[in-house]
Amino acid sequence: MTQTLEPETASDSRDPQARVDAWLARFEAAVSAGDGEAAAGLFATDCYWRDLVAFTWNIKTFEGHDQVAGLVADVGARVAPSGMATTEPPDEADGVVTAWIGFETAVGRGNGLLRLTQEDGDDRAWTLLTALYELKGHEEPRGTHRPMGTHHGATKDRVTWQERRQAEAESLGSTTQPYVLVVGGGQGGIALGARLRQLGVPSLVIDKHPRPGDQWRNRYKSLCLHDPVWYDHLPYLKFPDNWPVFAPKDKIGDWLESYVSIMEVPYWSSTVATSATWSDETQQWTVEVEREGKPLTLRPTQLVFATGMSGKPRIPDLPGTDVFRGDVHHSSAHPGPDAYAGKKAVVIGSNNSSFDICGALWEHDADVTMVQRSSTHIVKSDSLMELGLGDLYSERALAAGVTTEKADLIFASLPYRILHTFQIPAYEAMAEKDKDFYERLEASGFRHDWGDDGSGLFMKYLRRGSGYYIDVGAAELVANGDVKLVQGQVDHLTEDAVVLEDGTTLPADVVVLATGYNSMNGWVADLVDQETADRLGKCWGLGSETTKDPGPWEGEQRNMWKPTQVDNLWMHGGNLHQSRHYSLYLALQLKARHEGIETPVHGLQEVHHIG
């Protein structure tokens with residue numbers, strides 16, 4: 001007698017755990033067999049699989065059955081996933097089962113987040129996140145693998161920790177070369193340097209400033225983090241639980257300097273990279289640097305630009321700059337308000353830096369005018385924390401069991417294609433909560449927007465890296481008229497004024513260009529050459545075809561934390577959250593290459609925009 005096996009469905013009485021277990025078993029079998037069609041059949045019609053290095057040696061999102069099938073057919077048998085299982089009991093809400101998962105591949109171990117829904121009476125994946133977190137045989141020396149720190153017993157010619165560190169420092173760059181050279185020692189470079197150190201990858205972080213943290217210390221003195229502390233931890237070493245919610249810039253600078261020392265990050269201060277060339281023959285970079293004014297040649301295999309996604313100032317060429325008798329400078333070089341008490345200040349731009357600088361100048365009795373050139377999105381800090389970040393990054397989240405590591409993965413599990421749909425309700429709630437504020441702001445003449453689709457701040461950040469302000473008080477000055485507001489484009493400067501295209505003349509003793517930053521590949525043009533920068537292409541943006549984010553759709557941040565069209569060249573940047581989270585995946589890619597592990601990249605990003 002033959003028995004017909006019906007498909008396992010979600011319509012029976014099984015609990016979420018059984019449903020997830022069944023789905024994972026079927027998925028693992030299909031992927032291990034390289035059966036793309038079978039694997040795709042386990043996904044909903046509208047589906048998303050985001051992979052962070054585990055299956056693709058890339059950072060890539062696959063949308064729809066065809067893309068899922070193509071991925072599995074190409075890499076499934078090679079990746080050979082095994083041991084797919086939940087790591088804690090799944091949850092079910094609103095018809096969606098959410099499950100934390102763990103698994104192994106042929107070379108590593110991964111984790112992720114699965115969301116199952118029902119379609120045609122069967123459990124289908126709506127979203128799947130898979131992320132590599134360690135390489136087999138190359139685990140980080142932490143927890144049960146932590147180093148002893150000493151050798152017990154009596155040993156002649158014992159080498160102490162300090163002596164070993166000193167010998168390493170003296171040999172680096174002379175008798176030994178770094179496998180990875182990280183150009184830029186802000187939070188991104190430091191986080192990556194710490195990851196590489198723990199993974200045993202010979203590396204070096206270089207920065208032009210005299211001390212780690214000077215990137216923060218040297219900014220305008222009123223600068224504080226606008227993101228809350230729970231969002232901003234660095235790898236391995238979290239901020240203490242009495243750390244302020246919004247850290248002042250100098251406190252952050254001191255923390256970064258301490259972090260470099262505690263985490264033993266190989267770090268050269270007062271070091272400027274002057275040129276870099278790649279050799280196909282040696283498969284190495286030749287990077288000329290000046291360390292404390294002395295020339296030196298480094299020959300790394302991998303070159304990482306950690307110069308910041310907001311690192312290359314966009315400085316407009318304004319006629320009359322040469323005749324203006326006052327101070328003209330970009331916001332990145334703003335010294336602070338002290339010298340401008342009683343002066344007339346014109347700040348060009350209306351985003352984060354502009355508001356911060358306008359507020360500090362007003363506090364120091366300057367006569368301040370903001371020039372708004374295009375509409376800006378503003379969200380009040382307390383509302384953002386409560387309604388935008390509170391479920392993931394807050395004391396409330398920690399009390400609910402959402403650790404920083406979990407929060408990072410939850411956020412990463414929401415594909416960029418649909419992320420805005422999760423953001424819109426939050427910003428609608430903020431608009432209602434702060435309705436009176438927005439009415440007063442717009443009554444002042446300020447041009448406000450919520451993003452092209454109402455999705456607010458974070459989507460603007462991901463799409464274009466500009467066009468917003470997290471209000472910590474300065475927006476009230478504009479709404480009240482304490483900071484004067486004018487609209488228009490700057491035409492030219494005179495000896496003592498800014499003149500707009502409509503003829504409006506703004507007397508000025510100081511002009512601050514809060515005009516934003518250019519794409520990171522501008523740093524590559526400066527250090528390597530323009531041809532290499534063009535081969536790399538623009539960095540940042542999703543291809544959403546919204547303002548300042550031209551298509552086609554790419555589904556991930558362009559060129560960030562993943563292989564590029566320029567071999568052995570990598571881009572690493574973003575805020576403290578991104579520096580923390582994505583430094584892991586970049587470090588694992590570099591570690592695998594250092595160990596000679598095969599890293600066939602699936603879906604290498606194409607270049608659609610050169611800058």
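## Helix α14 and its cover

Contact here means heavy atoms within 4.5 Å. The model described is a predicted one. In this model, helix α14 (residues 456-463) is mostly covered, with eight of its eight residues buried. These are Gly456, Leu457, Phe458, Met459, Lys460, Tyr461, Leu462 and Arg463. The list includes the charged residues Lys460 and Arg463.

The elements that cover the buried residues of α14 include two strands, β19 (377-380) and β20 (468-471). Helices also contribute to this cover, among them α11 (404-412), α12 (416-433) and α18 (576-594). Just after α14, glycine 465 adopts a positive phi of about 70°.

## Strands β19 and β20

Two of the elements that cover α14, β19 and β20, are also paired with each other: they run parallel and are joined over four bridges. Lysine 380 has aspartate 471 in β20 as its bridge partner.

The side chains of β19 go two ways. His377 and Val379 point to one side, Ile378 and Lys380 point to the other, and all are buried.

## The sheet β11-β12-β13

A separate topic is an open sheet of three strands, in the order β11-β12-β13 and with antiparallel pairing. Its edge strands are β11 (271-279) and β13 (294-298), each of which pairs on one side only. Direction ignored, neighbouring strands of this sheet are turned by 15° against each other on average.

Strand β12 (residues 284-291) is joined to β11 by eight bridges, and the two run antiparallel. Within this pairing, glutamine 284 in β12 stands opposite serine 279.

## Salt bridges

In total, the structure holds 40 salt bridges. One of them joins arginine 109 to glutamate 134, with the closest N and O atoms 2.9 Å apart. This pair links distant parts of the chain, since arginine 109 sits in strand β6 (residues 108-119) and glutamate 134 in strand β7 (residues 122-135), 25 residues apart. Glutamate 134 has a relative accessible area of 18% and is therefore buried, the cut-off being under 20%.

A second salt bridge is local. Aspartate 214 and arginine 217 have their closest N and O atoms 2.8 Å apart. Both residues lie in helix α6 (residues 214-217), three residues apart, about one turn of the helix. Aspartate 214 and arginine 217 are both buried.

Aspartate 367 is partly exposed at 27% relative accessibility, and lysine 484 is partly exposed at 40%. Elsewhere, salt bridges that share partners join Glu104, Arg109, Glu134, Lys136 and Glu139 into one network.

## Nonpolar cores

The largest nonpolar core has 161 residues, of which Trp23, Phe43 and Trp49 touch the most other members. Helix α18 gives the largest share of this core, nine residues. Helix α18 is also among the elements that cover α14.

Setting aside neighbours within four places in sequence, phenylalanine 43 is in contact with Trp23, Phe27, Trp49, His65, Val68, Arg124, Ala125 and Leu128. A second, separate core of 14 residues includes Val346, Val371, Leu493 and Ala508.

Serine 353 belongs to helix α8 (residues 352-363). At 18% relative accessibility, serine 353 counts as buried. Residues up to four places away in sequence not counted, serine 353 touches Arg219, Tyr220 and Ser331.

Methionine 263 lies in a loop, between α7 (249-262) and β10 (267-268). Methionine 263 and isoleucine 190 are 73 residues apart in sequence, and their C-alpha atoms are 9.4 Å apart in space.

Key: Residues numbered from 1 in each chain as written. Predicted model: local features only at pLDDT ≥ 70, side-chain atom pairs only at ≥ 80, totals over all residues. Heavy atoms only, no water. Buried < 20%, exposed > 50% of the residue type's maximum accessible area, 1.4 Å probe, protein only. Salt bridge = Lys/Arg side-chain N within 4 Å of Asp/Glu carboxyl O. Core = buried A, V, L, I, M, F, W, Y, C linked by side-chain atoms within 4.5 Å. Pairing = 2+ DSSP bridges. Axes fitted to C-alpha atoms, helices over the stretch in contact; angles between N-to-C directions.
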